[in-house]
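The points below can be read with the model open alongside.

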Amino acid sequence: MRELKTWLAVVSILAALVFLPGFGSRRTKATTDDAGGEPVPHNVAVLKSGTAQQKAQAAYWLGQQRSATAVVMSTLADLLGDTTEIDASRYRPAAKDRKATLGEEVAAALVQIGRPAIPELIHVLKTSPSSEARKNAAWALGSLHEAAAADGPVAA
């Protein structure tokens, strides 16, 4: 019974995210820098082969850029279950005192990306065998819902 209630709560949140008007209106497009450079491909490469600290910094940067390409989304989603501790204060101002994990930093980056991250987060929530990945995906979806609720309705 408890699992059914949890599942219904998740489905309710997901439905609200999908059908909420104006959700993700703050998103901007950023796939490369204005000079035609390669910051997104470089950061995706770091996500695939860097240290946990480097991956966390790349995830943070991609989130700040709101980079929503398919390769960015799937690469970030693959890291949601990583429990390696990182020091976010090395690259992020006003980082919390507690040590975060790479998976938590990736979840925060997906929240920054906004609405385009929802399908990938739902996929992880439904299919990942990793409880940590599912936890981080659920947190990100809840944060996206809270952000959308704070934006309020958008005039048509």
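1. Contact here means heavy atoms within 4.5 Å. By that rule, Leu80 touches Gly103, Val106, Ala107, Leu110, Leu121, Val124, Glu132, Ala133, Asn136 and Ala137, with residues up to four places away in sequence not counted. Keep in mind throughout that this is a predicted model.

2. Now the overall layout. The chain has seven helices and two strands. Along the sequence they follow the pattern α-α-α-α-β-β-α-α-α. The chain holds 156 residues, and buried residues make up 39% of them. Consider the contacts with a separation of 6 or more: residues 24 or more positions apart account for 64% of these.

3. Which residues have the most contacts inside the largest nonpolar core? They are Leu76, Leu80, Ile86, Val106, Leu110 and Leu121, in a core of 37 residues. The elements giving two or more residues to this core are α2 (39-49), α3 (52-65), α4 (70-77), α5 (102-113), α6 (118-127) and α7 (131-151). Of these, α5 gives the most, with seven residues. Leu80 belongs to the group with the most contacts inside the core, and among the residues that Leu80 touches are Val106, Leu110 and Leu121.

4. Next, a helix pair. The axes of α3 and α5 come within 7 Å and cross at roughly 10°. Angles under 35 degrees count as roughly parallel, so α3 is roughly parallel to α5. On the α3 side, the contact is made by Ala52, Lys55, Ala56, Ala59, Tyr60, Leu62, Gly63 and Gln64. On the α5 side, Leu102, Glu105, Val106, Ala109, Gln112 and Ile113 take part. The residues of this contact divide into nine nonpolar, three polar and two charged.

5. How many aromatic pairs does the structure hold? The count is one. Tyr60 and Tyr91 form this pair, at 5.5 Å centre to centre and with 50° between the planes, a tilted arrangement. The pair links distant parts of the chain, 31 residues apart. Tyr60 is in helix α3, while Tyr91 is in the loop between β1 (85-86) and β2 (100-101). Tyr60 also takes part in the contact of α3 with α5.

6. Is Tyr91 buried or exposed? Buried means under 20% relative accessible area. Tyr91 has 13% relative accessibility, so Tyr91 counts as buried.

7. Gly81 lies in the loop between α4 and β1. Its relative accessibility is 26%, and therefore Gly81 counts as partly exposed. Gly81 is in contact with Ser130, Glu132 and Ala133, leaving aside neighbours within four places in sequence. Gly81 and Asn136 are 55 residues apart in sequence, yet 7.4 Å apart in space, C-alpha to C-alpha. Leu80 touches Glu132, Ala133 and Asn136, among others.

8. Thr75 is found in helix α4. Its relative accessible area is 7%, so Thr75 is buried. Which residues does Thr75 touch, not counting those up to four places away in sequence? They are Val44, Leu47 and Lys48.

9. Arg66 has a positive phi of about 55° although it is not a glycine. Arg66 sits in the loop between α3 and α4.

Key
Residues numbered from 1 in each chain as written. Predicted model: local features only at pLDDT ≥ 70, side-chain atom pairs only at ≥ 80, totals over all residues. Heavy atoms only, no water. Core = buried A, V, L, I, M, F, W, Y, C linked by side-chain atoms within 4.5 Å. Buried < 20%, exposed > 50% of the residue type's maximum accessible area, 1.4 Å probe, protein only. Helix = DSSP H or I, 4+ residues; strand = E, 2+ residues; numbered from the N terminus. Axes fitted to C-alpha atoms, helices over the stretch in contact; angles between N-to-C directions. Parallel < 35°, antiparallel > 145°, perpendicular 65-115°, else oblique. Nonpolar A, V, L, I, M, F, W, Y, C, P; charged D, E, K, R; others polar. Phe/Tyr/Trp six-rings, centres within 6.5 Å; stacked < 30°, edge-to-face > 60°.
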